[in-house]
Amino acid sequence: MRKMMSRVMNRTAVAVVATAFMASGAVVAGATSASADGCVGPLCGAVKNRTGETMHYTTSLGEGPHYCDVWNWGGGTGSEFKHAKCKQLSFGNGTRGGNGTGIDVDAFTFATHGYHERFSRVGTWHWRAKGVWTKIRSGEIADCGIGDNNEVWCTVLVQV
């Protein structure tokens, strides 16, 4: 019983510290660009697909047998196009990668149709043509769903 209470207390303490870091902006500053190098400590990029459509993603941006046309090579909202090697993977609904999983998703796209993306809940929406990849940083998650006019809308957020 004592061991179980200790684990609960430790998890609570970790959650409180993580919340404090998030509020201070330290986690945002620590979220570096994801790349083929993998996660940055426990921080890993992730994608969440709630669209019912096939989403494509890569965990090896910069190396692999395929190519990804990335509009924001530096990550974030800055426009810097790069035709980069990668290994393309795909899946339907669900989540791939994420903090603490050891799987770092570097970028995502939808190959058969365009999508809207924004960084943060108050960010400006931008249209991306089909096959254009959006790079995400370690510690970020791209959450994609269906919205207006049955189009795909993706918001890139810092994971909690």
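Guide: Welcome! Residues are numbered from 1 along each chain as its sequence is written, and side-chain values use heavy atoms, leaving out hydrogens and water. As this is a predicted model, local features need pLDDT of at least 70 and side-chain atom pairs count only at pLDDT 80 or more, while totals for chains, interfaces and linings use all residues.

Visitor: Why is Ser-120 called partly exposed?

Guide: Buried means under 20% relative accessible area, exposed means over 50%, and partly exposed is in between (1.4 Å probe, protein chains only). Ser-120 has 28%, so it is partly exposed. Ser-120 sits in the loop between strand E8 (115-119) and strand E9 (126-128); strands (E, at least two residues) and helices (H or I, at least four) are DSSP runs, numbered from the N terminus.

Visitor: And what makes Asn-149 exposed?

Guide: Its relative accessible area is 70%, and the cut-off is over 50%, so Asn-149 counts as exposed. Asn-149 lies in the loop between strand E11 (140-146) and strand E12 (152-158).

Visitor: What makes a group of residues a nonpolar core?

Guide: The members must be buried Ala, Val, Leu, Ile, Met, Phe, Trp, Tyr or Cys residues, joined through side-chain atoms within 4.5 Å. The largest such core here has 16 residues, and Phe-108, Ile-136 and Cys-154 are among those with the most contacts inside it. Strands E2 (55-58), E8, E11 and E12 each supply at least two residues of this core, and E12 gives the most, with three.

Visitor: Which residues does Cys-154 touch?

Guide: Contact means heavy atoms within 4.5 Å. Leaving aside residues up to four places away in sequence, the partners of Cys-154 include Phe-108, Phe-110, Trp-125 and Cys-144.

Visitor: How do you know that E7 and E10 pair?

Guide: Two strands pair if DSSP finds at least two bridges between them. Two bridges join strand E7 (residues 107-109) to strand E10 (residues 132-135), so the pair qualifies, and these strands run antiparallel. Ala-107 stands opposite Lys-135 in E10.

Visitor: What makes E4 and E5 edge strands?

Guide: The open sheet has six strands in the order E4-E3-E10-E7-E2-E5, with mixed pairing. Strand E4 (82-86) and strand E5 (88-91) each pair on one side only, and that makes them the edges.
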